[in-house]
Amino acid sequence: MSQRIQSIRGMHDVLPAENALWHTLERVAQEVFAAYGYEQIRVPIMEHTGLFERGVGDTTDIVEKELYTFEDRGGERMSLRPEGTASVVRAGVQHGLLHNATQRLWYVGPMFRYERPQKGRQRQFHQFGVETFGQTGPDVDVEQIALSARLFARLGIRGLRLEINTLGTPAERQIYRDALHAYFSNHFDALDADSQRRLDRNPLRILDSKNPDLAALIAGAPTLTDYLGEESAAHFQGLCDGIKALGIEYTVNPRLVRGLDYYTRTVFEWLTDDLGAQNAVCSGGRFDGLVEQLGGSATPATGFAMGVERVVALMAAQGVAIDDVGPHAYLVHQGDTATGRVTAVAEGLRDALPWLRLRVHAGGGSFKSQFKKADRSGARLALVFGDDEAAADTIQIKPLTDDREQEVVARDDAPTRIAALLSHTD
Ligand code: ATP
Ligand code: MG
């Protein structure tokens with residue numbers, strides 16, 4: 001036997017048993033996006049590497065160490081996307097969507113980062129994201145926080161914490177950067193190698209360090225709040241007031257800087273205590289400079305991205321109610337006449353009941369062994385079509401998940417009866 005090929009490290013299959021969770025999240029997310037008037041945009045999973053270097057920032061972890069980059073057959077440098085925002089902005093500029101218009105967009109899809117795989121951290125993972133373009137006010141930042149809160153509530157997820165912060169404008173951040181640089185330079189020997197390297201390139205990134213040995217030093221660093229101008233302070237106040245008015249609880253975390261370079265003013269994160277170290281399930285903020293940086297005309301923007309695998313893990317951990325996506329009914333059949341006609345019978349049921357999830361037994365075998373498969377399928381009804389039923393033009397319906405009686409119905413009446421037994425009202 002030749003050696004089996006395995007999936008790439010950090011890139012996972014989502015098997016059928018797990019997909020009810022994914023399906024529930026996808027359905028609820030789409031309903032919630034629609035409820036706020038957001039429209040879907042689909043962008044390619046590969047882009048010119050330069051898009052991410054310019055759009056994500058070449059001193060970020062993502063671009064410095066996590067990008068999947070290669071030359072295609074024509075010698076062009078391209079990368080699998082590590083996040084969605086740069087592509088959405090690129091598409092918005094390219095197609096002229098952002099001129100004098102407010103756009104509310106959402107996307108979903110796989111993202112790729114060459115990270116150290118561990119629980120909650122894959123090399124291929126998925127994100128849902130939303131972006132609003134064309135509005136400067138904190139009201140759209142608040143709207144997106146409300147949207148994410150509603151999404152979690154609709155999913156039945158509990159116990160998330162919302163942290164918010166402001167990063168000010170680039171000018172304010174420059175002054176703050178100098179202050180941070182001075183502070184950390186005074187403690188250079190206490191920094192780890194990563195942070196020492198970041199000191200000159202991007203000292204803000206030191207605040208994002210996950211090294212517990214640096215926690216005390218970071219806690220003592222100056223905060224950006226002390227360097228905010230009037231407008232940024234007012235924007236942040238508007239954000240806090242707006243969230244409070246909706247009754248959403250939050251804490252201000254002055255150390256929340258986020259891993260991407262493009263943020264301005266608002267940043268926020270939804271955190272959980274139920275998933276171990278990888279505790280961020282949704283992260284976002286405002287990025288007023290990015291559209292211009294990518295060649296568009298200056299356009300304010302704000303958005304967030306949510307880690308699908310982490311939200312799914314949280315749904316599983318908390319045992320939230322999920323959509324039933326398994327078969328409603330399992331059709332067993334035996335005998336030459338019956339088996340010759342069963343496909344037509346099944347198609348007739350699907351014509352009459354387009355919502356019905358019907359699995360037809362394949363592979364023959366005794367009724368007994370077929371019923372075992374029907375039970376195992378999780379279906380609520382077994383439909384029985386043998387030669388007797390074929391001759392009488394009937395179907396037997398046998399409830400599998402409660403003790404209601406088995407019944408025989410004329411084939412013409414079967415759809416109505418099946419719908420009633422499944423109490424489906426479409
Ligand atoms: P982290 O600090 O966990 O690395 P990040 O700041 O890199 O997160 P973002 O780039 O803001 O994360 O991505 C938004 C969300 O996507 C995160 O909050 C998280 O839920 C999810 N996410 C990010 N990277 C991964 C990954 N490698 N595997 C699974 N989910 C991820
Ligand atoms: Mg990261």
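The side chain of His 126 makes a polar contact with the side chain of Glu 309 at 2.8 Å, a polar contact being a pair of N or O atoms within 3.5 Å in which, within protein, one atom must be able to donate a hydrogen and the other to accept it, and residues adjacent in sequence count only if both atoms are side-chain atoms. The model is a predicted one, in which local features need pLDDT of at least 70 and side-chain atom pairs count only at pLDDT 80 or more, whereas totals for chains, interfaces and linings use all residues. Residues are numbered from 1 along each chain as its sequence is written, chains are lettered from A and ligands numbered from 1 in the order in which they are written, and side-chain values use heavy atoms, with hydrogens and water left out.

His 126 is placed in strand 6 (residues 124-133); strands (E, at least two residues) and helices (H or I, at least four) are DSSP runs numbered from the N terminus. With a relative accessibility of 17%, His 126 counts as buried, where buried means under 20% relative accessible area, exposed over 50% and partly exposed in between (1.4 Å probe, protein chains only). Not counting residues up to four places away in sequence, His 126 touches Trp 22, Gly 109, Pro 110, Met 306, Gly 307, Val 308 and Glu 309, contact being defined as heavy atoms within 4.5 Å.

The secondary structure of the chain comes to 15 helices and 16 strands. The C-alpha trace spans about 90 × 60 × 45 Å along its principal axes. Of the 426 residues in the chain, 51% are buried. Among contacts between residues at least 6 apart in sequence, 71% join residues at least 24 apart.

In soluble globular proteins, nonpolar side chains tend to be buried together. A nonpolar core is taken here as a set of buried Ala, Val, Leu, Ile, Met, Phe, Trp, Tyr and Cys residues joined through side-chain atoms within 4.5 Å. The largest such core holds 45 residues, of which Phe 133, Phe 184 and Leu 207 touch the most other members. Apart from it lies another core, of 42 residues, including Val 130, Ala 146, Cys 282 and Met 315. Leaving aside neighbours within four places in sequence, Phe 184 is in contact with Leu 191, Leu 199, Pro 203, Ile 206, Leu 207, Leu 217, Ile 218 and Ala 221.

The structure holds 10 aromatic pairs. Rings of Phe, Tyr and Trp (its six-membered ring) pair if their centres lie within 6.5 Å, and planes under 30 degrees apart count as stacked, over 60 as edge-to-face and the rest as tilted. Trp 106 and Phe 128 form a tilted pair, with 6.3 Å centre to centre and 45 degrees between the planes. This pair links distant parts of the chain, Trp 106 being in strand 5 (residues 103-112) and Phe 128 in strand 6, 22 residues apart. Both Trp 106 and Phe 128 are buried. An edge-to-face pair is formed by Phe 133 and Phe 287, at 6.3 Å centre to centre and 85 degrees between the planes. Phe 133 lies in strand 6 and Phe 287 in the loop between strand 10 (280-286) and helix 10 (290-293), so the pair ties together parts that are 154 residues apart in sequence. Phe 133 and Phe 287 are likewise buried. Ring pairs also link Phe 33, Trp 106 and Phe 128 into a cluster.

Charges over rings were assigned where NZ of Lys or CZ of Arg is within 6 Å of the ring centre and within 35 degrees of the ring normal. Arg 123 lies over the face of Tyr 114, at 3.9 Å from the ring centre. The charged end of Lys 398 sits over the ring of Phe 371, 5.5 Å from its centre.

With a disulfide defined as a pair of cysteine sulfur atoms within 2.5 Å, the count comes to zero disulfides. For Cys 240, the nearest cysteine sulfur is that of Cys 282, 17 Å away. Cys 240 is buried, with a relative accessible area of 6%, and Cys 282 is buried at 0%.

Gln 370, found in helix 13 (residues 367-376), is buried with a relative accessible area of 0%. Arg 265 lies in strand 9 (residues 264-271) and is buried at 13%. Asp 393 is located in the loop between helix 14 (387-392) and strand 15 (394-399) and counts as partly exposed at 35%.
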